[in-house]
Amino acid sequence: MRIIKYPHPTLRHQSKPLRRVDSEVKRIIHEMLDLMYAGQGIGLAANQVDLPYRMFVMNLESDPQAEDQQHVFINPVIARRNGTAEDEEGCLSLPEIFAPVKRSQQIVLSAYDLCGEELHCELDGLFARAIQHECDHLDGVLFVDRLSDSAKLSVKEALGELELEFAGLRRRGEIPDDEQIATRLRELEELRT
Ligand code: ZN
């Protein structure tokens, strides 16, 4: 498992809810947590590790020692939104790109945890922002899609560099073509969604 970068097509995939939390899902989640900490990120969605499932991991301190900050959200749904706030965001799939994004200030989230228990939480601040960023990933949306025109312009060059890098990986056969990626995602969905 590795973190895929923009413009990998799986980052544009609309992920499907999981039918159940089995031992394979638990294994995947633990690998995702390791990758998130290794990349010093605060959240990581399944799309970012090339998987078509609606789940993500989070630790706002990005510190495996801060266990109380470590969360797993499976089949998350944002039930309610309130207010607006703007702050800078980044993403492990868009390295070294940072820009301000407008999000809801407060949200109500429903999801399941790794034990299959239902969660309902009211969140605000960074927690609410990070959840919205990760839920977007599950719908194939990236934070750079939500920028103002001027912010979009400021990240254009960096996105172009990532696109070149990706084209190079493809030329060297390190990334399958779109059709192979879509087939693999479909097979994984048939197994667990
Ligand atoms: Zn992200």
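Strands β3 (residues 70-89) and β4 (residues 99-112) are joined by twelve bridges in the antiparallel sense; helices (H or I, at least four residues) and strands (E, at least two) are DSSP runs numbered from the N terminus, and two strands pair if DSSP finds at least two bridges between them. The model is predicted, so that local features need pLDDT of at least 70 and side-chain atom pairs count only at pLDDT 80 or more, whereas totals for chains, interfaces and linings use all residues. Residues are numbered from 1 along each chain as its sequence is written, and side-chain values use heavy atoms, with hydrogens and water left out.

Within this pairing, Asp87 has Val101 of β4 as its bridge partner. The open sheet comprises five strands in the order β1-β2-β3-β4-β5, with antiparallel pairing. Because β1 (43-45) and β5 (118-124) stand at the edges with a single partner strand each, one side of each lacks a neighbour in the sheet. From one strand to the next, the twist averages 35 degrees; axes are lines fitted to C-alpha atoms, for helices over the stretch in contact, and angles run from 0 to 180 degrees between N-to-C directions. Helix α1 (residues 23-38) packs on the sheet and touches β1, β2 (55-59) and β3, its direction making about 40 degrees with that of β2; contact denotes heavy atoms within 4.5 Å.

The zinc ion has Cys91 (SG), His133 (NE2) and His137 (NE2) as its protein donors, at 2.0 to 2.2 Å. Donors are N, O and S atoms within 2.8 Å of the metal (3.2 Å for Na, K and Ca), and sites may look incomplete because water is not among the atoms. Along the chain, the donors follow the spacing C-x41-H-x3-H. Cys91 lies in the loop between β3 and β4 and His137 in helix α2 (residues 125-138); the pair therefore ties together parts 46 residues apart in sequence. Cys91 is buried, with a relative accessible area of 12%, and His137 is likewise buried, at 1% (buried, under 20% relative accessible area; exposed, over 50%; partly exposed, in between; 1.4 Å probe, protein chains only).

Ile29 touches Met55, Val57, Val72 and Leu114, residues up to four places away in sequence not being counted.
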